[in-house]
Amino acid sequence: MSTSTPGHQFIDGSYRVGGGKTVKRINPATGDGDGSIDYASLADLNDAVNAAAAAFPGWSKLTPGARADHLLNFARELGARSQELAELETRQSGKTIRMSTEFDVPGTLDNITFFAGAARQLTGLAAGDYAGNSTSMIRREAIGVIGSISPWNYPLQMAAWKILPAIAAGNTIVLKPSELTPGTSLIFAEAAHAAGIPAGVINIVVGEGADIGEALVRHPLVVMSSFTGSTAVGRHIMAMAAETGKRVHLELGGKAPLVVFKDADVEAAAHGAVAGSTINAGQDCTAATRAYVHVSLFDTFTTRVAELMNSMILGDPTDPDTDMGSLISYPHREKVTAMVDRARAAGATVLAGGRAPDHPGAFYRPTLITSAAQDSEIVQAEVFGPVLVALPFETEDEAIALANDTPFGLAASAWTRDVNLAMRAAAEIQAGCVWINEHIPIVSDMPHGGYKASGFGKDMSAYSFEEYTNIKHVLISHDTDAHKQWQNTVFRQR
């Protein structure tokens with residue numbers, strides 16, 4: 001991948017040419033070559049973890065205010081490179097420049113400033129006397145070196161989600177971004193160091209999951225593994241972490257339902273379904289993938305969704321008028337194509353899309369499918385492309401049951417004008433986030449994470465600090481003599 005960086009590792013405050021193999025890059029939106037990436041060796045990874053371990057004592061002992069100042073400086077430094085980040089994000093991932101400019105980069109900057117403030121709220125609890133003649137209190141402490149693995153669908157934002165709560169809490173980190181999209185993660189680390197965050201606090205190693213990723217999870221100095229990606233890989237990481245009792249934080253796959261009740265604004269729901277299913281070309285764990293629509297609205301809804309999908313502009317992601325960019329790669333498009341083809345062969349109806357357009361790049365038309373069985377692959381499995389399946393329902397209870405009828409539970413939306421129905425749906429749908437009359441907004445102040453096979457633990461918000469801190473109970477005795485009775489239960493005073 002063409003970048004100005006002298007190497008594709010950022011270790012202990014500087015760039016490094018990786019000691020592993022060199023791999024050619026393809027721009028997914030054009031099919032053309034886009035430079036190359038050098039991968040890390042195991043020695044590079046070890047150097048990165050050692051640098052993080054060496055930086056931990058000094059960084060963790062800074063006051064929260066000092067870490068907050070560093071993060072505010074970082075936000076200014078990274079903000080000055082907004083255009084560079086947006087252009088690189090689009091080139092490496094195939095997403096639209098509008099998405100990169102208006103969502104990815106601003107969202108990342110907002111995340112930095114949020115955690116700058118949140119760092120100063122990392123308080124323990126000063127409590128009363130629980131044991132008699134004593135004061136109990138809570139200390140919240142950083143845990144050490146974090147090993148994180150981020151995905152290719154939102155390279156810059158996922159780097160922020162992994163790095164910021166970890167370092168705001170006083171930890172240091174080694175991040176392995178996807179080998180398909182490492183460029184903006186490297187700039188993220190470079191800008192942080194330029195802003196004054198000490199060398200070794202943030203380290204980036206690039207390589208494949210099967211070697212560098214696994215080695216990062218297994219490294220003895222890494223005390224916690226954080227991963228965003230598929231459920232299958234998440235389970236494998238859990239098994240590896242269990243060997244040494246490492247803490248694990250997982251944000252995994254999704255199959256988000258969009259439930260349209262009979263009193264809903266069907267036009268708004270149709271627009272929400274199209275935006276929610278085609279965001280980032282559908283390569284989003286929270287994307288709307290299953291629309292359950294009351295039978296009285298079903299035909300109106302599906303007709304309108306098909307019209308809107310057919311009107312979307314696919315093409316050059318650098319053109320601000322483009323509505324949807326490409327998928328991440330040709331092999332990934334083949335996976336999406338195969339799943340739609342299998343659904344069609346099983347009897348499902350494709351009302352829109354269902355094919356790749358006739359031009360270069362890993363594009364796939366926004367797709368609407370009906371007449372699929374609830375237990376079919378296209379309804380149950382994550383496609384990770386711009387594919388929405390619509391199915392009718394008759395009763396509220398049926399809708400909730402269908403919405404919950406997958407292994408996943410990351411996000412969902414419910415569409416209704418009835419506030420009581422909205423509250424019931426929010427309570428009964430099994431997902432980490434339930435939007436009402438909207439689908440997809442995510443903000444730094446609120447937690448993001450899943451139920452069931454979608455993982456556990458939270459990204460963003462103050463709740464994410466629960467993942468990256470240890471809680472310590474400190475008991476201070478007021479009167480040593482008062483505790484002799486308790487001590488005598490252990491041994492007689494002599």
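Leaving out neighbours within four places in sequence, Asn404 contacts Glu428, Ile429, Gln430 and Lys452, where contact means heavy atoms within 4.5 Å. The model is predicted: local features need pLDDT of at least 70, side-chain atom pairs count only at pLDDT 80 or more, and totals for chains, interfaces and linings use all residues. Residues are numbered from 1 along each chain as its sequence is written, and side-chain values use heavy atoms, with hydrogens and water left out.

**Asn404**
- Asn404 sits in helix α13 (residues 396-404).
- Its relative accessibility is 16%, so Asn404 counts as buried (buried is under 20% relative accessible area, exposed over 50%, partly exposed in between; 1.4 Å probe, protein chains only).

**Ile279**
- Ile279 belongs to the loop between α9 (266-278) and β12 (288-294).
- Ile279 is buried, at 11% relative accessible area.
- Beyond its neighbours within four places in sequence, Ile279 touches Met99, Tyr154, Asp284 and Ile440.
- Pro386 is 107 residues from Ile279 along the chain, yet their C-alpha atoms are separated by 7.7 Å.

**Nonpolar cores**
- The largest nonpolar core holds 59 residues (a core is a set of buried Ala, Val, Leu, Ile, Met, Phe, Trp, Tyr and Cys residues joined through side-chain atoms within 4.5 Å).
- Val260, Phe261, Phe301, Val305 and Ile378 have the most contacts inside that core.
- Val260 touches Ala269, Tyr292, Val293, His294, Leu297, Phe301, Phe393 and Trp415, with residues up to four places away in sequence not counted.
- A second, separate core has 51 residues, including Leu78, Ile146, Ile187 and Val201.
- In soluble globular proteins, nonpolar side chains tend to be buried together.

**Whole chain**
- The protein chain has 16 helices and 21 strands (DSSP runs numbered from the N terminus: helices are H or I, at least four residues; strands are E, at least two).
- Along the principal axes, the C-alpha atoms fill a box of roughly 85 × 55 × 40 Å.
- Of the 494 residues, 56% are buried.
- Among contacts with a separation of 6 or more, 74% join residues 24 or more positions apart.
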